[in-house]
Amino acid sequence: NFRHDTTLTPGKIFVGGLSSDCAEGDLKEYFGAYGQISDCVVMRDKTTGNGRGFGFVTFSDYHVSERVVAARHEVKGRSVECKHSVPRAEGDI
């Protein structure tokens, strides 16, 4: 089930630079230390099932996402980039 977000979700961050074997559990374990997570997904290749190197984490509290974006992070030994998630325009894929 493909989710195409076109609405801004406060508290949702983009996490880039993940290793291909990084799973949702890894993100929940790491980012859960910052605050309650309401949603977490690692984007995967439809054919191989391997991680595509990025995912999304949504915090219940928007203020937690502000702190997370402002800091540096390392997940499973890799430095990752965290930014506020910006919804795609209708035509973007």
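Buried residues make up 32% of the 93 residues in the protein chain; buried means under 20% relative accessible area, exposed over 50%, and partly exposed in between, with a 1.4 Å probe and protein chains only. This is a predicted model, in which local features need pLDDT of at least 70 and side-chain atom pairs count only at pLDDT 80 or more, while totals for chains, interfaces and linings use all residues. Residues are numbered from 1 along each chain as its sequence is written, and side-chain values use heavy atoms, with hydrogens and water left out.

**Whole chain**

Start with a cartoon view. The protein chain has two helices and five strands. Their order along the sequence is β-α-β-β-α-β-β. Helices (H or I, at least four residues) and strands (E, at least two) are DSSP runs, numbered from the N terminus.

Now show the surface. The accessible surface comes to about 5900 Å², and carbon and sulfur atoms hold 48% of it. These areas come from the Shrake-Rupley method with a 1.4 Å probe; for residues, only the protein chains shown count as cover.

Turn to contacts, meaning heavy atoms within 4.5 Å. Among contacts with a separation of 6 or more, 62% are between residues 24 or more positions apart.

**Strand 1**

Select residues 12-16. Four of the five residues of this strand are buried, so strand 1 is largely enclosed by the rest of the structure.

Find Lys12 here; Thr58 in strand 3 stands opposite.

Pick Val15: its bridge partner in strand 5 is Cys82.

Follow the hairpin of strand 2 and strand 3. Six residues lie between the strands, and Gly49 takes a positive phi near 80°.

**Helix 2**

Finish with residues 62-70, helix 2, and pick Ala70. Is Ala70 buried or exposed? Ala70 counts as exposed because its relative accessibility is 70%.

Ala70 and Lys83 are 13 residues apart in sequence, and their C-alpha atoms are 8.6 Å apart in space.

Notes:
Two strands pair if DSSP finds at least two bridges between them.
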